[in-house]
Amino acid sequence: MTIRAFVFDMDGTVLHTLPDLTAVTNLALERMGFPLHTADEVLTYVGNGAERLVGQACPPDASPEERQQTLKVWQAIYLECGDRYTAPFPGILEALRDLRACGMKMAVLSNKFDAAVHELADHYSPGLLDAARGEIPPTPRKPDPTMLLEMLDEMGVSPEEAVRNTGDSSLCKHANENRSERDCPHGGCSYGFVNRWFWLAPLRMTMLTQAPQGACSSYRGCGR
C-alpha cells in the first residue's frame, strides 16, 4: 500500500525543547518553594505529559493539592514563555519539506498539553503540518493508540498508509506496538532525547538519522 502520511512526535524529534522544559519546570517549582532540578533530571520526566512531568518534579512529600497547583503554574508559564530556548533539530524542517514535496501528509502527535502543541507547531512549522494534536483529557495519552487513530481518521488516512509515531523514545515504540500491526510502517529516529536503537529490530522502520535531510528519498516506501 502506498504511504501517504507521516506522524511525528514533537519533543525530542521535531523540536529540541529540553532547555525550556527545564527552565519552566524550575520556575514553577521555585514559585512553589520546592527544590529545583538539573536538565538531566528533567529529561527523565519528559514524554508522558505535563502532569506526569510536574508530578515527578515535585518533592515526594508534596500533597495532591500542591502538585495540582504546581501544574497550573507550570502550564501558565509554558504558554507565556515556554519557547525561549526551543529550536527545531538540525535538518528536521528540511526533512519535512522533503516529505511534503513527495506529496506526503504530515502531523505532530504529542503527550504535551494540546494548547502548547498547537502554539509550537504554528510557530516553528507553519504550512508544513496537516494536523497537530496534544493531550486532551479524557482521551488517553500515548502509547494508547486512540489519539493516533482519531488523528489519522481526521486526515483521511488509514493506519496502513501512515508511517506512525516517528520519534526518538521507547514511548513511540510502545505506541507502535499497541497498533498490533507489525507489518505496517513505523518510524523512529536516532537523534533526540533518547537513543533507542535496540527496539528497532522487530519492526519495519523508517529512520530519520542525525542528518534527517533527504527523508523522502531515504524512506523505501515513499511513492510506491
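I began with the crossover and noted that S4, H6 and S5 form a right-handed β-α-β unit, where right-handed means that, with the strands pointing away from the viewer, the path from the first strand over the helix to the second runs clockwise. I took helices (H or I, at least four residues) and strands (E, at least two) as DSSP runs numbered from the N terminus.

The model is predicted, and I kept in mind that local features need pLDDT of at least 70, side-chain atom pairs count only at pLDDT 80 or more, and totals for chains, interfaces and linings use all residues. Residues are numbered from 1 along each chain as its sequence is written, and side-chain values use heavy atoms, with hydrogens and water left out.

Next I looked up the pairing of S4, counting two strands as paired if DSSP finds at least two bridges between them. S4 runs parallel to S1, joined by four bridges, and alanine 5 stands opposite lysine 105 of S4. S4 also pairs with S5 (residues 131-135) in the parallel sense over four bridges, with arginine 133 in S5 as the bridge partner of leucine 109.

I then checked burial (buried is under 20% relative accessible area, exposed over 50%, partly exposed in between, with a 1.4 Å probe and protein chains only), and found eight of the nine residues of S4 buried.

For valine 108 I listed contacts (heavy atoms within 4.5 Å); leaving aside neighbours within four places in sequence, its partners include Phe8, Met10, Val117, Leu129 and Met151.
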